[in-house]
Amino acid sequence: WRWRWREKERGERREEGIAMVCIRTATIDDLLYMQQCNLMSLPENYQFKYYLYHLLSWPQLLQVAEDESGRIVGYVLAKMEEDPGESHGHITSLAVNRTSRKVGLATRLMMSAHDSMDEVFQSPFVSLHVRVTNKAAIHLYKNILKYDVHDVEEKYYADGENAFDMRKRFRKPTGSSEKGGGGEGKKPAG
């Protein structure tokens, strides 16, 4: 399988192969389909108003993967956190339909959200939570996207499972000589 990516004039990324998939910024018309993708793919589910809140607050940070028939096959739901000392990006939810996995869509969705956090909000880093048993997601975050485990949140999920608090730095903290970038094993300031 050969997959090639090309940039479109409007900043969309399209995948060539058996099926074309476009990574683009979500619109209000996509929210129900994002919710449906979430319900089919993940144990953590959100009410429609939560998707709407994200879209109204941080419209640049919601990305969808749309196949050539116009069907939403994946999404990333992200926001900006206003922590004391340093605001930063946060990945709330990432989902790809089972039939569309293993072709790099999750990576491309995350990279698109990262780009928006960095360019639009000048976020110094991004955080996320992942189940400690979700080996596929941990592999994506740690080995491909270069996140580091920052902490373990005990009983983070409703069923009592622990979560890794993972972070990826986009740039060095203000007033520090620390090198930027992810995967370096350094805790962010703040």
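The model is predicted. The protein has 190 residues, of which 44% are buried, and its secondary structure consists of 4 helices and 9 strands. The largest pocket has a volume of about 970 Å³.

**Overall fold and surface**

- Of the contacts between residues at least 6 apart in sequence, 56% join residues at least 24 apart.
- The protein has an accessible surface of about 10,600 Å², and carbon and sulfur atoms account for 50% of that surface.

**The largest pocket**

- The volume of the largest pocket is about 970 Å³.
- The lining of this pocket comprises 34 residues, and those closest to the pocket centre are Leu42, Leu94, Asn134, Ala137 and Tyr141.
- At least two lining residues come from each of β6 (86-96), α3 (105-121), β7 (125-131) and α4 (135-144).
- Strand β6 supplies the largest share of the lining, with 7 residues.
- Sorted by class, the lining holds 20 nonpolar, 10 polar and 4 charged residues.

**Helix α3**

- Helix α3 runs over residues 105-121 and is among the elements that supply at least two residues to the lining of the largest pocket.
- The buried residues of α3 are Leu105, Thr107, Leu109, Met110, Ser112, Ala113, His114, Ser116 and Met117.
- Thr107 belongs to α3 and has a relative accessible area of 17%; Thr107 counts as buried because this value is under the 20% cut-off.
- Beyond neighbours within four places in sequence, Thr107 is in contact with Leu140, Ile144 and Leu145.
- Val120 is also found in α3, but Val120 is partly exposed, with a relative accessible area of 38%.
- Apart from neighbours within four places in sequence, Val120 has contacts with Gln60 and Asp115.
- The C-alpha atom of Val120 is 9.2 Å from that of Leu61, a residue 59 positions away along the chain.

- Most residues other than glycine have a negative phi.
- Gln122 is not a glycine, yet its phi is positive, at about 50°.
- Gln122 follows α3 and is found in the loop between α3 and β7.
- The relative accessible area of Gln122 is 48%, and Gln122 is therefore partly exposed, as the value lies between the 20% and 50% cut-offs.
- Lys155 is likewise not a glycine and has a positive phi of about 50°.
- Lys155 lies in the loop between β8 (148-153) and β9 (163-169).
- Lys155 has a relative accessibility of 65% and counts as exposed because this value is over 50%.

**Asp165 in strand β9**

- Asp165 is located in strand β9.
- With a relative accessible area of 6%, Asp165 is buried, because buried means under 20%.
- Not counting residues up to four places away in sequence, Asp165 touches Ser127, Leu128, His129, Asp148, Val149, His150, Asp151 and Glu153.
- Strand β7 covers residues 125-131 and strand β8 covers residues 148-153; the contacts of Asp165 include Ser127, Leu128 and His129, as well as Asp148, Val149, His150, Asp151 and Glu153.

**Gln36 in helix α1**

- Gln36 is placed in helix α1, which covers residues 31-41.
- The relative accessibility of Gln36 is 47%, so Gln36 counts as partly exposed.
- Gln36 and Val73 are 37 residues apart along the chain, and their C-alpha atoms are separated by 9.7 Å.

Notes:
Residues numbered from 1 in each chain as written. Predicted model: local features only at pLDDT ≥ 70, side-chain atom pairs only at ≥ 80, totals over all residues. Heavy atoms only, no water. Buried < 20%, exposed > 50% of the residue type's maximum accessible area, 1.4 Å probe, protein only. 1 Å grid on protein atoms, 1.4 Å probe; cavity = no way out; pocket = protein on both sides within 12 Å on 5 of 7 lines; lining within 4 Å. Points joined across faces, edges and corners; volume = space filled by probe spheres on them. Nonpolar A, V, L, I, M, F, W, Y, C, P; charged D, E, K, R; others polar. Contact = heavy atoms within 4.5 Å. Areas by Shrake-Rupley, 256 points an atom, 1.4 Å probe, with all protein chains shown as cover.
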